[in-house]
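Thank you all for coming.

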Amino acid sequence: MMKLRLFAICVGLTGSLAVPVLAQTGNKPAAETMAPGTVLISGPAGQVTLAEVRMLVEEQVPHSRQPAFWTSPKSIEDAARNLYGNRALAQQALKEGLDRQPGGAAFLTLQREKALAEWLLQQRARARVGDTKVLEQFARTAYKAEPDRFRHMEQVRIRHIMVVPEREDKDGIMAKRRIEALLVEVSKAADFEKVAREKSEDRNSALKGGDLGVFDVGAMLPEFDEQIAKMKPGQISGPVRTKEGYHLIQLVERRAAGLAPFDEVAPLIRAEAKEKIYGDERRRVWQDVANAEAVKVNEAALSELALPVPAKSK
């Protein structure tokens, strides 16, 4: 039911990472449990492991987008292919002796310094983000400073069970019979969450017992809004037809308009706080060394370099 939006993040000359923007599900990504040495791509130039892709993602993808990145096999494949392409081209450059050409050694030195500087910035920024006291203080300060951001209209929390018509079921008759059978099942004191987990064909929400989360009234599918307007918390709707299929909707709760509790919006604020703290710490570390008093600037040389080029005489 959710529509995906894509944005690209450059990763050098060989491609980009497209990251889907998804609602957080709370499920622990496999990237945190899979062995770091797991080979994702291999070829004549060698192998690309999960550990290497993790490093690329940490560098290139904003922290708030990283959970969504790891839900997309295509994004992960693109990242691994980028690394493999760079590795293959680097090997080709070495075979052609580019590292021994005039300027080659200097270029490699600059790239090495850049890479080491980036690694240091990442380490310092991660340590700062990892300070839970700093993170919590930042999040609570942001919550108090911008209360209007967290005010909401009347809201509802809902679960659903969905049945999708088969290709040959053009009129949806068979799908309707299936959803009606599920309605009978949940009406006989069956656990709605259990039935959703086992039989809903929206597998993303099925993993959470059909939970679709919290929505502003009027912000859902029109068919959902119309049905939910007639319901009380705890009630289960009859079959609701949308372009995706047939649904049974359970209204879990209604929430009056007002300021969302901190605990409810904390995951969003903490994600934003991590990104802000990460960026601020990188800038602080960089400025401490780049703008240190011991750094001397050759103003005369800079002025000379900036002089306009004399016009050629005709």
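Before we start, one term: a residue is called buried when its relative accessible area is under 20%, exposed when that area is over 50%, and partly exposed in between. Please also keep in mind that what you see is a predicted model.

Let me begin with a pair of helices. Helix 1, residues 50-60, packs against helix 3, residues 73-95, at an angle of about 100°, and their axes lie 9 Å apart, which makes helix 1 roughly perpendicular to helix 3. Where do the two touch? On the side of helix 1 we find E52, V53 and L56, and these meet A79, A80, L83 and R87 in helix 3. Sorted by class, this contact has five nonpolar residues, two charged ones and no polar ones.

In general, side chains of opposite charge can pair when their charged atoms come close. Here the side chains of E52 and R87 form a salt bridge, with 2.6 Å from N to O, and because E52 belongs to helix 1 and R87 to helix 3, the pair ties together parts that are 35 residues apart in sequence. E52 is partly exposed at 23% relative accessible area, and R87 is likewise partly exposed, at 27%.

Now to the sheet, which is open and has four strands in the order 7-6-9-8, with antiparallel pairing. Strand 7 (211-216) and strand 8 (240-242) are its edges, each pairing on one side only. Inside the sheet, nine bridges join strand 6, residues 155-163, to strand 9, residues 245-255; M162, for instance, has H247 in strand 9 as its bridge partner. Helix 7, residues 192-199, packs on this sheet and touches strand 6 and strand 9, its direction making about 45° with that of strand 6. Strand 8 and strand 9, for their part, form a hairpin with two residues between them.

What links R159 and E193? Their side chains meet in a salt bridge of 3.1 Å, N to O, and since R159 lies in strand 6 and E193 in helix 7, this pair ties together parts that are 34 residues apart in sequence. Here our opening term returns: R159, at 11% relative accessibility, counts as buried, whereas E193, at 27%, counts as partly exposed.

How many salt bridges does the structure hold? There are 24, and one further example is D288 with R284, whose closest N and O atoms are 2.6 Å apart.

How values were computed
Residues are numbered from 1 along each chain as its sequence is written. This is a predicted model: local features need pLDDT of at least 70, side-chain atom pairs count only at pLDDT 80 or more; totals for chains, interfaces and linings use all residues. Side-chain values use heavy atoms; hydrogens and water are left out. Axes are lines fitted to C-alpha atoms, for helices over the stretch in contact, and angles run from 0 to 180 degrees between N-to-C directions. Angles under 35 degrees count as roughly parallel, over 145 as roughly antiparallel, 65 to 115 as roughly perpendicular and the rest as oblique. Contact means heavy atoms within 4.5 Å. Ala, Val, Leu, Ile, Met, Phe, Trp, Tyr, Cys and Pro count as nonpolar, Asp, Glu, Lys and Arg as charged, and the others, Gly among them, as polar. Two strands pair if DSSP finds at least two bridges between them. A salt bridge is a side-chain nitrogen of Lys or Arg within 4 Å of a carboxyl oxygen of Asp or Glu. Buried means under 20% relative accessible area, exposed over 50%, partly exposed in between (1.4 Å probe, protein chains only).
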